[in-house]
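Here is a short briefing to read alongside the model. Have the sequence and the structure open as you go through it.

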Amino acid sequence: MNTSDDMQIFLTYGDIALASSLILMVLMVSWRLRLHLTKTLLMAALRTVVQLSFIGLILAWVFAREQWYEVLSILTIMTLIAGSAAKNRVKRRYKGLFIDTLLAVSVSAVLVTAIAILVILEVQPWYTPQFVIPILGLILGNSLTAISLTSNQLINAFYEQQARIEMMLSLSATPFEAIHEQIRTAIINGMTPTLNSMLVVGVVSLPGMMTGQILAGADPTQAIRYQIVTMFLICVSSTLGCTISALLTYRRFFNKNQQFSLP
C-alpha cells in the first residue's frame with residue numbers, strides 16, 4: 001500500500017493478494033458446514049481476478065484513445081452479455097426468451113443511460129468512455145437481475161395458475177385481464193431488490209460506487225450526489241426492464257387467437 005500527501009491510497013498487487021487470502025475463510029466455512037461450494041468459490045474468485053484485470057487493460061486502452069466506434073463496440077458487447085446472463089437465470093425457458101430478455105435489458109438500459117449522459121451529466125462528446133461505460137455497466141448489472149427475477153416469477157405463475165387463467169378467459173376476460181395479477185406480482189418481485197437498496201442506502205449500506213469514489217480521494221459530497229443520481233437511474237431502468245420483460249413474456253403464452261398456451 002502506497003500513500004500520497006493528500007492521503008490517497010494506492011493499492012499494490014501485494015494488497016490484492018492479501019485481500020484474496022481472505023477467501024480462505026470462506027472456503028473454511030464451506031468445508032466445515034459441508035456447503036459443497038469450494039469449487040464454485042474458487043472459480044468465482046479466479047474469474048473475478050481474470051475478468052476485471054482483462055477489462056481493466058481494455059478500458060485503459062479505450063480511455064486513452066476515445067474513439068466512438070470502440071466505445072460503441074464495448075457497449076454493444078456489454079448489452080449482449082447482459083441479455084444472455086438474464087436469459088440464463090430463467091429456469092423455465094421458452095422459444096424467444098433470449099430476444100425478450102435482450103430487448104428488455106437493452107431498451108431500458110440504453111434509454112436511461114442516454115438520458116443520464118445527454119441530459120443530466122451533459123457529457124461532451126457522448127462517447128466519453130470515462131462516463132458512458134461505467135454508467136451503462138452499473139445500470140445493466142442491476143437491470144438484468146430485476147428482469148430475470150420478473151421473468152422467473154411470471155413464467156412460474158403461468159405454469160402454476162394455468163387453470164385459473166383459463167377460467168378467467170372462459171368468463172370473457174381479455175388475455176391481459178386474465179394475467180394482470182401475475183404480471184403485477186412479477187414486476188414487484190423484480191423491483192424488490194432495488195427498492196430495498198434505496199430504503200437503506202446511506203443508513204445501513206454505503207453503495208460500492210460511492211465507497212470506491214471516497215476511497216479514491218473524491219469529495220464525499222460529490223460522491224453522494226453521483227450515488228443519488230445512479231440510484232434513481234437504476235430504479236427507472238429496473239422498472240422499465242421489468243415491465244418490458246413482463247409484457248413480452250406474456251405475449252409468448254398466447255397464440256394468435258388470444259388463447260392461453262404453455263410452450
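Let's start with Arg-184, which is partly exposed at 40% relative accessible area (buried means under 20%, exposed over 50% and partly exposed in between, with a 1.4 Å probe and protein chains only). This is a predicted model, in which local features need pLDDT of at least 70 and side-chain atom pairs pLDDT 80 or more, while totals for chains, interfaces and linings use all residues. Residues are numbered from 1 along each chain as its sequence is written, and side-chain values use heavy atoms, leaving out hydrogens and water.

**Salt bridges**

- Side chains of opposite charge can pair when their charged atoms come close.
- The count comes to 3 salt bridges, each being a side-chain nitrogen of Lys or Arg within 4 Å of a carboxyl oxygen of Asp or Glu.
- Arg-184 pairs with Glu-181, their closest N and O atoms being 2.7 Å apart.
- Both Glu-181 and Arg-184 sit in helix H8 (residues 175-200), 3 residues apart, or about one turn of the helix; helices here are DSSP runs of H or I with at least four residues, numbered from the N terminus.
- Glu-181 is partly exposed, at 34% relative accessible area.
- Arg-252 and Asp-100 form a salt bridge with closest N and O atoms 3.0 Å apart.
- Because Arg-252 belongs to helix H10 (residues 220-252) and Asp-100 to helix H5 (residues 97-120), this pair ties together parts that are 152 residues apart in sequence.
- Asp-100 is buried at 4% relative accessibility, whereas Arg-252 is partly exposed at 38%.
- Glu-70 meets Arg-65 in a salt bridge at 2.7 Å, N to O.
- Glu-70 is buried, with a relative accessible area of 10%, while Arg-65 is partly exposed at 36%.

**The largest pocket**

- The largest pocket holds about 920 Å³ of space, a volume being the space filled by probe spheres set on grid points joined across faces, edges and corners.
- A pocket is an open set of points on a 1 Å grid over the protein atoms alone, where a 1.4 Å probe fits, with protein on both sides within 12 Å along at least five of seven lines; lining residues have an atom within 4 Å of a point.
- Its lining has 20 residues, and Gln-51, Leu-52, Ile-55, Leu-59 and Met-78 lie nearest the centre.
- Two or more lining residues come from each of helix H3 (38-65), helix H4 (68-88) and helix H6 (129-160).
- H3 gives the largest share of this lining, with 9 residues.
- The lining divides into 14 nonpolar, 5 polar and 1 charged (Ala, Val, Leu, Ile, Met, Phe, Trp, Tyr, Cys and Pro count as nonpolar, Asp, Glu, Lys and Arg as charged, and the others, Gly among them, as polar).
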